[in-house]
Amino acid sequence: MQVTLKVLRFDPAKDQKPRWETYQVEAEPWDRVLDLLHKVKADQDGTLSFRRSCGHGICGSDAMLINGKNRLACKTLVKDLGHTITVEPIRGLPVEKDLIVDMEPFFAAYRAVKPYLINDEPPPQRERLQSPEERERFDHGTKCILCASCTTSCPVFWVNGAYLGPAAIVQAHRFIFDSRDRGKRERFKALGSGSGVWRCRTAYNCTEACPREIPVTQLIEEVKRAILFDRF
Amino acid sequence: MAHRHEVIVVGAGGAGLATALYAAREGADVAVVSKLYPTRSHTGAAQGGIGAALGNVEEDHWEWHMFDTVKGGDYLTDQDAAEVFAKEVIEAVIELEHMGLPFDRLPNGKIAQRRFGGHTKDWGKAPVHRAAHAADRTGHMILQTLYQQCVKLGITFYNEFHVTDIILEDGVAKGLVALELATGELHLFQAKAIVIASGGFGRIYKVTSNAYTLTGDLQAILYRKGLPLEDMEFYQFHPTGLYPLGILLTEGARGEGGILRNALGERFMERYAPTIKDLAPRDMVSRAMYLEVREGRGVGPKKDHVLLDLTHLPPEVIEKKLPDITEFSRIYLGVDPLKEPVPVMPTAHYAMGGIPTTLWGQVIRDEKNTVVPGLYAAGEAACVSLHGANRLGTNSLGDLVVFGRRAGIHAARFAKDADYHELTEEHLGPSRERIERIKNSTGKERVAVLRAELQQSMMDHASVFRTGELLQKQVEILKELMDRYQRISIEDKGEAYNTELVEALELGYLLEVSEALVHSALNRTESRGAHAREDYPERDDANWLKHTLAYKVEDGKVAFRYKPVVLGRFEPKARTY
């Protein structure tokens, strides 16, 4: 089938502002959008730039706005999109070239929540024990691939780039609810601050955008409750 | 721009992060230079588990793990490496748990373990539960956990920096050059010690589980500089790649009870490995699948693949323990593994060969184990040689933490007593020239076309089964492709995120590692592990119980030297399962 692929292009060396470019691409229904981008780059326009690595939804490199929604290009098939496909960079992070955005603000928020196990007690000789139920409690957050789909679909983040954003809060959740962790109070400092969880307006965009089906909004609500109950 | 760090690690996958972490814990000033963001490295794609004789589910011993590794490697495994590995991987798994890694748990709270190909109890008598796992995203969890610890220690990261040169002078590693993708600027890095942990090169093949970014960059850079690559002929095809894309479906699926079936519905592995059937090592299963297809028992309109049947397993086992691969087959094939078997075929997966090192990750330059001062390698980029002629499933994740840690510790200690070397802007010259040549070329050859021809021809002539005739043909094809590579040109002349330039550089690396692989395979006139020569079907210990060191002489010309296999408590025996 013939697909019309419209890509929002931007080359900082040449363009004042982003511009649309349209390509006709021969595609199979089971092709990934990533395959289309590769075809364009190979046959039509080598200057088209985008990130990708694993190609099957686990590295998180190729999050982009596809037909108006945040998705991974390698996990979105042509058959689910129709004959006209639009592709834009994810929103709310500075565009560096074409579909590539500056990820540093995103990872700065990640680092701010102390995304690592905090436990200074001397570890036992063998593993720390944890029941399957305790392990299950934070399972959702461990699926996060840091693709930024959730954070860059959040209207609060678009308006206020200082907001930690859903992804960072999911990372915090993953440790706050880990029975082995002792660092929740340290994390609450960032999470309870003006740019923390209370900015969330429960728009659910993040949950809809997550390519790993993490119930992001629910996890944010759980973090809010954990902070509230910690005061009593 | 110039930078200076005591230890610089190239690559931010599991091996690179483990190296960086342990080097930093030794007190070194550490930086990581990676062409990706760390959490996007391909360790994240590893699914099924990390093997360690924890004995949490049933009796197990490191000696059994060592034996399985040596036998799995078809006795090309160095037994000193296997011993260090089987002992230290236990400690490494416990340390990962202490770092916060979310392993699945048994009801008693201990780390859960499952079966995996080639892992046995009692010296091969039956499969054993040895693979510690976190659903089917164990690699993802290891990568995330190691990165988290690096963030905690404040290790410096140069993300999206593409290394273009390792500076080796007077036989000593002095620093490196890297292209900053965001700006197109070349950076000079001074280092006392450099650790190469840049992963594999599955993209030489058309069907592969490997990321687009796995192009053998650093192996090729060192090979061009006259350093050897060891045992490159041994390239592993993982039996269960999702057909036809090659996306990995973990061996853990068979560990949980999944069965391979041919077009007649037969469990064909009963014929090839009667003791452990579908849990035979990967080289044997991959060959068996090809043979079934060749003998007309393949599935589908082209009769060119087989099926992985999980339908008899309880749905909750599939949903809980194999969620990601279930999703992959639903998304990419529209096949629900709960209801119907999944089409699979072997997919290029792992390089057993690579940059030769000592047990502490020091890169060596010859068969006498002469060390290159200041240069280290770990993980899939390296060859210690733990995996010999065929790697057992789960031993890659174990390899990268055990030998990443050893390389990190040794590099940090080496750096303490070493001085920085003088480097000047002139050291950027060769990289700059290479980049300018590509950008200014008016040739007519296209990168994507050459790459596709390379990948298809490697698949046709140098994959699971090989013959002298096919390999010779591939030697000629590679010569021609290398010649045409001199005439590639690109459209993107810009500086910021010139990904077309990066792909052009990567194609050069793919050609180099292919050359080392094909010549090494043509040279080895026996069948051992993943290297199956139809014209030499038997293992030949009298002549070939030795490691290949391949040296580049010029394009299309390769010289060989040999290193004895380190033997030990396990005498080479016929390999039956």
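Let's start with R287(B), which counts as buried because its relative accessibility is 18%, and buried means under 20%. Keep in mind that this is a predicted model.

R287(B) has a partner. It forms a salt bridge with D283(B), with the closest N and O atoms 3.5 Å apart. D283(B) counts as buried too, at 5% relative accessibility. Both sit in helix α8 of chain B, four residues apart, so about one helical turn separates them.

Now widen the view. R287(B) and D283(B) belong to a network of salt bridges, whose members include D74(B) and R539(B). D74(B) and R539(B) pair up, their closest N and O atoms being 2.6 Å apart. They link distant parts of the chain, 465 residues apart. D74(B) is buried, at 7%. R539(B) is partly exposed, at 23%.

The closest N and O atoms are 2.6 Å apart. D492(B) is buried at 4%, and K97(A) is buried at 3%. Over all chains, the count comes to 84 salt bridges.

Next, the second largest pocket. Its volume is about 900 Å³. It is lined by 40 residues, and those nearest its centre include A135(B) and E319(B). By class, the lining has 23 charged, nine polar and eight nonpolar residues. Helix α10(B) gives the largest share, five residues.

Last, the surface. W198(A), L228(A), F229(A) and F232(A) make a nonpolar patch of about 500 Å². W198(A) lies in the loop between α7 and α8 of chain A. W198(A) is partly exposed, at 33% relative accessibility.

Key. Residues are numbered from 1 along each chain as its sequence is written. Chains are lettered from A and ligands numbered from 1 in the order in which they are written. This is a predicted model: local features need pLDDT of at least 70, side-chain atom pairs count only at pLDDT 80 or more; totals for chains, interfaces and linings use all residues. Side-chain values use heavy atoms; hydrogens and water are left out. On a 1 Å grid over the protein atoms alone, a cavity is a set of points where a 1.4 Å probe fits but cannot get out, and a pocket is an open set with protein on both sides within 12 Å along at least five of seven lines; lining residues have an atom within 4 Å of a point. Grid points are joined across faces, edges and corners, and a volume is the space filled by probe spheres set on the points. Helices (H or I, at least four residues) and strands (E, at least two) are DSSP runs, numbered from the N terminus. Ala, Val, Leu, Ile, Met, Phe, Trp, Tyr, Cys and Pro count as nonpolar, Asp, Glu, Lys and Arg as charged, and the others, Gly among them, as polar. Patches are made of residues with over 30% relative accessible area and no salt bridge: like charges are joined within 9 Å, nonpolar side chains (Val, Leu, Ile, Met, Phe, Trp, Tyr) within 5 Å. Accessible areas come from the Shrake-Rupley method with a 1.4 Å probe; for residues, only the protein chains shown count as cover. A salt bridge is a side-chain nitrogen of Lys or Arg within 4 Å of a carboxyl oxygen of Asp or Glu. Buried means under 20% relative accessible area, exposed over 50%, partly exposed in between (1.4 Å probe, protein chains only).
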